[in-house]
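Me: I'd like to go through this structure with you. Can we start with the terms and then take it piece by piece?

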Amino acid sequence: MADAKLSGAFRPAHADPHPMANPGYGKRSAPEQLPRTNDDFTHLPPREGAIAASLDRLPDGADISVKTLAKHLPYGQCALRTALNRLQEAGHLRRGREHAHGSGSARWVTRTWFSRTARDDTWWAAFTRGDVPEPHTSGPRRPTRSRAFILLAALGRTAPALSLSYTDCIALEPQLTEWFTRGATEPDILRALTAGLPTPVHSPAALVRSRLTTKLPPEPAPRPVLRVLECGRCGTPGRPEALPGGVCGPCQGESGPAPRPAPLPPEAVHTHAAAARAAATGPHEWTPHERSNGPTTHSRGTMEGRRHHHDPWH
């Protein structure tokens, strides 16, 4: 896996620096990444690991199109395109569009986000909403508590009368989590829980539960969409849940165009063709009026149409 540890030194020292993309394009680093190490991409195949290491060391805004990468890396465009798709499946890369902040208009720009730390689909979905998810680390981790549990456990430091037990914190954690979901900050919550406490507080857990219920802030208005992910193969935009691994369902083979009907056997084709020729060349049965006055315009048109009838089987 030595290739995965390369520091982007594919080019000689005298080579030209990697070009930057046009404004609004190029690489964008995902937020909340872990510090760089020599083992960041050892979980990838050697080629993908080497390419990921090179992308990781490029600055934001660098041109990472396959044509440009092929000029600076020892791989062809097809190999690079395949490698980028695999990096996307592994959670290191996503393609999409982002609303341009401060532009004063509904302008969207194309983005290619790269993450040194592999992310799952849930993380990328939160990222499109503008959330800043917690960093994800690989390997075993010690269990960590939520923001709600930590605030409840430390509540007694702010208001000793509201000291809660471990069991109380576990029971109240879902209620307080809803406050964070609705956009409340820690100072807002502490103010709501500790202001104007009665003396004495007979049941801290009951009082906290009551205030978390009665003072729950309203649900926030829906936030505007900040980012839209696109399928890494066909470029079709979609909701994050419809793009697992950055690829839409049709490109993954889950669905596609309706199958074409099975062709007719040769015997059936010959039978239909013979019937069509017989109908086109068979004798016309004249009506009494046509025998005395000649064929009508409608009859002549019908006969002419039969002479020039197109046989769909030939």
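Reply: Buried means under 20% relative accessible area, exposed means over 50%, and partly exposed is in between, with a 1.4 Å probe and protein chains only. This is a predicted model, where local features need pLDDT of at least 70, side-chain atom pairs count only at pLDDT 80 or more, and totals for chains, interfaces and linings use all residues. Residues are numbered from 1 along each chain as its sequence is written, and side-chain values use heavy atoms, with hydrogens and water left out.

Me: Is Gln88 buried or exposed, and why?
Reply: Gln88 is buried, because its relative accessibility is 0%. It sits in helix H3, residues 77-89. Helices here are DSSP runs of H or I with at least four residues, strands are runs of E with at least two, and both are numbered from the N terminus.

Me: What does Gln88 touch?
Reply: Leaving out residues up to four places away in sequence, Gln88 touches Leu93, Arg94, Arg95, Gly232, Gly245, Gly246 and Val247. Contact means heavy atoms within 4.5 Å.

Me: Which side chain makes a polar contact with Gln88?
Reply: That of Arg95, at 3.2 Å. A polar contact is a pair of N or O atoms within 3.5 Å; within protein, one must be able to donate a hydrogen and the other to accept it, and residues adjacent in sequence count only if both atoms are side-chain atoms.

Me: And Asn85, where is that?
Reply: Asn85 lies in helix H3 too. Asn85 counts as buried because its relative accessibility is 17%. Beyond its neighbours within four places in sequence, Asn85 is in contact with Arg95 and Gly232.

Me: Let's zoom out. How many helices and strands does the protein have?
Reply: There are 13 helices and five strands. Of the 314 residues, 34% are buried. Among contacts with a separation of 6 or more, 64% are between residues 24 or more positions apart.

Me: How many residues of H4 are buried?
Reply: Six of the eight in H4, residues 121-128. They are Trp123, Trp124, Ala125, Ala126, Phe127 and Thr128. Their cover includes strands S2 (93-99), S3 (108-114) and S4 (227-230).

Me: What comes just after H4?
Reply: Gly130, with a positive phi of about 95 degrees.

Me: New topic. At what angle do H8 and H9 pack?
Reply: About 120 degrees, with the axes of H8 (186-194) and H9 (204-214) 9 Å apart. Axes are lines fitted to C-alpha atoms, for helices over the stretch in contact, and angles run from 0 to 180 degrees between N-to-C directions. H8 and H9 are therefore oblique to each other. Under 35 degrees is roughly parallel, over 145 roughly antiparallel, 65 to 115 roughly perpendicular, and the rest oblique.

Me: Which residues meet there?
Reply: Ala192, Leu193 and Thr194 from H8 meet Leu207, Val208, Arg211 and Leu212 from H9. By class, that is five nonpolar, one polar and one charged. Ala, Val, Leu, Ile, Met, Phe, Trp, Tyr, Cys and Pro count as nonpolar, Asp, Glu, Lys and Arg as charged, and the others, Gly among them, as polar.

Me: Thr194 again: what about Thr158, what does that touch?
Reply: Thr158 touches Leu190 and Thr194, not counting residues up to four places away in sequence. Thr158 lies in helix H6, residues 155-158. Thr158 counts as partly exposed because its relative accessibility is 48%.
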